[in-house]
Amino acid sequence: MTLHRLFPLRLRQTIAQVRLLHGSGCGHQLEEVAMEPELRKETSVFRTQVNDPACQSERHLGQYYTLPTSHLHTIFPHGLPARYQQQVKTFNEGCVMVRQPALELISYLKAADYSKPAVRYLLYGLKGSGKTMSLCHTIHYCSTQGWLVLHIPDAHLWVKNCKELLPSSYHTSRFDQPIEASNWLRNFRTTNERFLSKIKLRQRYTWTKRESTEKGSPLGELVDMGVSRVKSSSDVVGAVLKELRLQAAETEESEGFRLAVAIDGVNSLWGRTTIKKEDKSPVAPEELTLIHNLRKMIDNNWCGGAVIATLSQTGSLYSPSSAYLPKELLGEEGFDSMDPFIPVPVSNYSEKEFESCYLYYLDRHWLQHPHSESHSPQTCILVWSFLIPYFN
Amino acid sequence: MAAPITGLLKPWTPRLFLVRWSRYNPYYLEPEPRKELYNMPETELTTEQKEERELKAVRPIKATTNSTTSSVFNDPVLSKFVNMMMRDGEKILARGILTQTLESLKRKQVEKYHKAPQGKKAEIECNPYAIFHQALENCMPVIGLASIQKGGKFYQVPVPLTDNRRRFLAMKWMITECRDNKNRRTLMYEKLSQELLAAYSKEGNVIKRKHELHKMAESNRAYAHYRWW
């Protein structure tokens, strides 16, 4: 196997070189390729100091960049996968690998025309191949570029295990989910603080006989109302989505902004739910206010932004575990609604990415077996994890 | 034990259900799963190892258990611990708990390592296997008590323990402690990792139990001469 021959030699050299780089403090000059051309050819350096997703390119493929701690708390209060959050807590830093699907998406976002209707991108791939992390990388890019990010961390959570289901006040046949909606509004508030005072409402919203939000008041007031008045939070979510959809279409003068709608597990919007009404009949997704409003966001009848979605079989209901392609997971209805979209396949780690991951773990003192320097534990990990990012 | 009855050694025939029976003729030798010993060249072997090799060429060898592997991650102490934690034959569950324990140990130590100032980093042990072995060693009692009958009464007599017995006692105490004194909501691996870390730094209930045994033995020193072996 070529792997056996390649790895030991390159790895020993790599480890020696990486130690040299870190030890002599010239790790900070990694971008200055011209200065150390020989080192660049031989070493597979696993970290890059280019922390801005807009400046990353194919040169940085397979390398880890650090997410600044402030960004971690503001942009991703709820977005990162659970295992990754544990890793961030253990290593005391959040490092994301620059991978090809994310770079491709970011290049599409850079090149898109935002006066046309919103383009829809769909990340799909096998389980554990890195779709959510690619989505988070793209969200980081959108945030650093000053976009408004609407991140729904897992749409599957909205169609199952609902503790409180209220009949909607706005529309008699629909159902509200107050807890999920208020949680989401709280996290939305943390992510998009700076936009809350800038965006003004275009319409008057009446919640009850005595309460209403006037036209021209800032979005922050609406969101606060939704967080405090839990009963009407689902309708507040709908109102927020509508306002943002209308206002994102403006040109980029002082008031304009770009809207990024990021949904993880978009296949739940068209599947089935496990929520039951009081007479034990199942609730269809259309009958849930949150899902109904989200579907309106995904339609490409608004301009000035993009919709980035991820398919997910892991949390999905009533779908076979071997399904990962868009047609299988979205179903007829979902595919027709999402059509036309740009599919972005996400694959497992390549050898180079695996090596980079291995070096990162060595650096962070995660690989503790005494033979970590030698050949066999690495091939063990290689074989047993099947190059799947989730198991690495 | 009867002397090896080599004359009655029957030729091996396969059975319907292949089982590693625990009663072998003493003629059979133990299997050796470690790869390094087979890769050693002739010159590096001592006389005993050379004799062993020659013996292996002629004598039959017992079958290994399902849990022995020749990989670098195989550890007889850990296998023993897993077997002791196992209930109702659910080895997969027991091994899963142990893996989670080791992972949580590593996570806690690596977190501490990254938060520590530069000078203190070298003192923090991150290898979960090293912590496990050291914790177990810290829990092993040096001396034990045996119940000996003399003149109609039973006395608790201090007695030396074999290595196997000491290891067994340490593991048994660790497991019973984690099972009994655990909050209903904490999971086994969480409690185990806390106890192991405490034992590593010589604190915690298991170490206390070891010290109590030592104190009992010390207080019963007078009866030490009741032991006849």
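Me: In which order do five strands form an open sheet in chain A?

Reply: This is a predicted model, so to speak a computed picture: local features need pLDDT of at least 70, side-chain atom pairs count only at pLDDT 80 or more, and totals for chains, interfaces and linings use all residues. Residues are numbered from 1 along each chain as its sequence is written, chains are lettered from A and ligands numbered from 1 in the order in which they are written, and side-chain values use heavy atoms, with hydrogens and water left out. Strands (E, at least two residues) and helices (H or I, at least four) are DSSP runs numbered from the N terminus, and two strands pair if DSSP finds at least two bridges between them. In this sheet the pairing is parallel, and the order is β4-β9-β10-β3-β11.

Me: Which strands of chain A stand at the edges of that sheet?

Reply: An edge strand here has a single partner strand, so one side of it is left without a neighbour in the sheet. In chain A this holds for β4 (148-152) and β11 (342-346).

Me: What does the twist average from one strand to the next?

Reply: Axes are lines fitted to C-alpha atoms (for helices, over the stretch in contact), and angles between N-to-C directions run from 0 to 180 degrees. By that rule, the twist in this sheet averages 15°.

Me: Over how many bridges do β9 and β10 of chain A pair?

Reply: One place to look is A260(A), which stands opposite A306(A) in β10(A). β9 spans residues 259-264 and β10 spans residues 305-310, and their parallel pairing runs over bridges that number six.

Me: Which residue in β11(A) is the bridge partner of Y124(A)?

Reply: β3(A) pairs in the parallel sense with β10(A) over five bridges, and there L122(A) has A309(A) as its bridge partner. Five bridges also join β3(A) to β11(A), again running parallel. In β11(A), Y124(A) is partnered by P345(A).

Me: At about what angle does helix α11 of chain A run to β9(A)?

Reply: Eight of the ten residues of α11(A) are buried, where buried means under 20% relative accessible area (1.4 Å probe, protein chains only), exposed over 50%, and partly exposed in between. Among the buried ones are L290(A), L294(A) and M297(A). This helix (residues 289-298) lies across β3, β4, β9 and β10 of chain A, and its angle to β9(A) is about 125°.

Me: What distance separates the centres of domain 1 and domain 2 of chain B?

Reply: Domain bounds come from an automatic or database domain assignment, which for chain B gives domain 1 (26-74) and domain 2 (75-226). Taken over C-alpha atoms, the centres of these two domains are separated by 30 Å.

How values were computed. Contact means heavy atoms within 4.5 Å.
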